[in-house]
Amino acid sequence: MTSQPTRQRILSGMQPTNDSLSIGNYIGAMTQWVALQENYDAFYMVVDLHALTVNPDPEKLKTRTRSTLAQYLAGGVDPSRSTLFLQSHVPAHAELAWILSCNTGFGELGRMTQFKDKSAKQGIEGASAGLFTYPVLMAADILLYDSALVPVGEDQRQHLELTRNLAERMNSRFGEDTFVVPEPHIVKAVAKVYDLQQPTAKMSKSEVGKGTIWLMDPPKVAAKKIKSAVTDAGTEIRFDREEKPGVSNLLTMYSVFTGQTIEQLEQEYAGKQYGHLKVDLAEIVADFLTQFQGEVHRYLDDPAELDRILATGAAKAQAVAQETLARVYDRVGLLAPGHGVA
Ligand code: TYM
């Protein structure tokens with residue numbers, strides 16, 4: 001159904017910075033996107049402008065952007081329900097980011113932990129201004145669509161907080177209905193998938209080792225990563241984030257892929273060894289990936305269909321974004337083109 005004007009709007013995005021999304025992206029965000037598209041007017045984009053902050057190879061960025069879109073589709077994002085588009089196809093994102101950046105404190109951005117982590121890795125001198133202002137562009141992404149909810153993983157919480165602060169600041173300066181103040185949609189049970197080798201750290205897209213499962217990993221490779229996941233002292237299979245972070249992480253994945261609750265799994269594995277859990281989960285994940293990758297390739301083999309989805313999405317997104325941008329331009333004192341001309 002397309003004509004449900006009362007549905008609240010939601011928006012989210014992922015960066016096309018790798019050939020593959022991670023299983024953390026899938027569990028923490030994409031499963032929520034798919035669930036929410038049923039009842040919300042959902043806008044999901046590939047944030048290709050954000051990917052430029054780490055200076056990608058141009059050809060790789062193009063390939064990865066298409067591949068990210070194909071992974072959204074294979075993961076169940078449905079273009080007949082959701083608006084799917086590329087951030088760079090809607091110029092209003094960069095335009096609103098400028099207005100917002102003029103209302104954002106230098107110190108505020110300096111406190112963003114993702115900036116601190118990333119710039120520490122590459123050295124502050126090597127970090128681009130784009131990496132620094134990254135959260136402002138993200139705030140523009142969200143505020144342009146009057147988004148009520150933003151489905152993301154836990155690592156985006158601080159960026160969402162900044163977005164809310166900016167919206168409130170602009171509203172008190174330029175009028176209460178300048179922006180809708182968005183709520184984060186962070187589902188605790190799945191909001192942070194942990195590294196398989198280091199189960200107290202987030203599973204990260206920037207890691208290359210055995211700790212991250214990629215959605216495009218050969219299924220056998222993924223199965224092997226699960227079988228060699230670090231588990232905890234003791235033998236009992238029980239969900240306990242503090243005492244048993246490794247086992248708890250595996251139980252979370254198991255629960256997402258089978259729909260069984262953690263309690264059901266604890267009962268099913270009572271008296272069994274960690275090895276049993278890993279072997280079973282490895283098979284479940286490998287089966288999922290085989291099916292998922294089949295779908296990805298089906299979409300990648302039909303570039304005309306991908307282009308059609310993107311063109312439809314861009315047109316819908318542009319219409320909404322342009323209206324918000326015009327409202328904001330007016331509020332902050334920019335003259336509309338043709339203003340004052342008789
Ligand atoms: P990105 O591309 O790093 O991650 C995409 C989404 O995946 C979630 N995620 C995880 N969830 C659980 N466990 C993990 N290990 C894990 N790793 C990643 C992220 O929380 C995210 O939801 N800044 C964003 C992209 C963005 C955006 C936006 C998001 C740009 N504009 C507007 C929402 C709204 C990012 O870098 O996501």
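In which loop does D146 lie? D146 is placed in the loop between α7 and β4 (149-151), where helices (H or I, at least four residues) and strands (E, at least two) are DSSP runs numbered from the N terminus. The structure is a predicted model, in which local features need pLDDT of at least 70 and side-chain atom pairs count only at pLDDT 80 or more, whereas totals for chains, interfaces and linings use all residues. Residues are numbered from 1 along each chain as its sequence is written, and side-chain values use heavy atoms, with hydrogens and water left out.

The backbone at D146 has a phi near 50°, a positive value in a residue other than glycine. D146 is partly exposed, with a relative accessible area of 22%; buried denotes under 20% relative accessible area, exposed over 50%, and partly exposed the range in between (1.4 Å probe, protein chains only). A phi near 50° is likewise found at N55, again a positive value in a residue other than glycine. N55 belongs to the loop between α2 (48-51) and α3 (58-74) and is exposed, its relative accessible area being 63%. Most residues other than glycine have a negative phi.

The ligand is surrounded by 28 residues, of which the closest are Y134, D141, G153, D155 and V193; a residue is near a molecule if one of its heavy atoms lies within 4 Å of it. This shell divides into 14 nonpolar, 9 polar and 5 charged residues. In that division, Ala, Val, Leu, Ile, Met, Phe, Trp, Tyr, Cys and Pro count as nonpolar, Asp, Glu, Lys and Arg as charged, and the others, Gly among them, as polar. At least two shell residues are supplied by each of β1 (9-14), α1 (23-36) and α7 (129-143).

Polar contacts are pairs of N or O atoms within 3.5 Å; within protein, one atom must be able to donate a hydrogen and the other to accept it, and residues adjacent in sequence count only if both atoms are side-chain atoms. A polar side-chain atom of N25 lies 3.0 Å from an oxygen atom of the ligand. On its own the ligand has 710 Å² of accessible area, and the protein covers 97% of it; accessible areas come from the Shrake-Rupley method with a 1.4 Å probe, and for residues only the protein chains shown count as cover.

D155, one of the closest residues to the ligand, is located in the loop between β4 and α8 (157-174). With 31% relative accessibility, D155 counts as partly exposed. Its side chain is joined to that of K202 by a polar contact of 2.7 Å. Apart from neighbours within four places in sequence, D155 is in contact (heavy atoms within 4.5 Å) with Q114 and K202.

When neighbours within four places in sequence are set aside, N249 is in contact with V193, Y194, D195, L196 and R241. The side chain of N249 reaches the backbone oxygen of Y194 at 2.7 Å, and N249 counts as buried at 2% relative accessibility. P245 is also found in helix α10 and is buried, at 13% relative accessibility. Residues up to four places away in sequence not being counted, P245 touches P199, T200, D232 and D240. P245 and A201 are 44 residues apart in sequence, with a C-alpha to C-alpha distance of 9.7 Å.

In α9 (residues 219-227), A222, A223, K225 and I226 are buried. They lie on the same side of α9 because they cover an arc of only 160° around the axis, the arc being that of the directions from the helix axis to the C-beta atoms. K220 and K224 are exposed on the other side of α9. The buried residues of α9 pack against α10 (245-258) and α12 (274-300).

In helix α4 (residues 92-101), the buried residues are A92, H93, L96, A97, I99 and L100. Their arc around the axis is only 160°, which puts them on the same side of α4. An α-helix has 3.6 residues a turn, so residues three or four places apart point the same way. The packing partners of the buried residues of α4 are β2 (41-46), β3 (83-86), α7, α8 and α13 (303-332).
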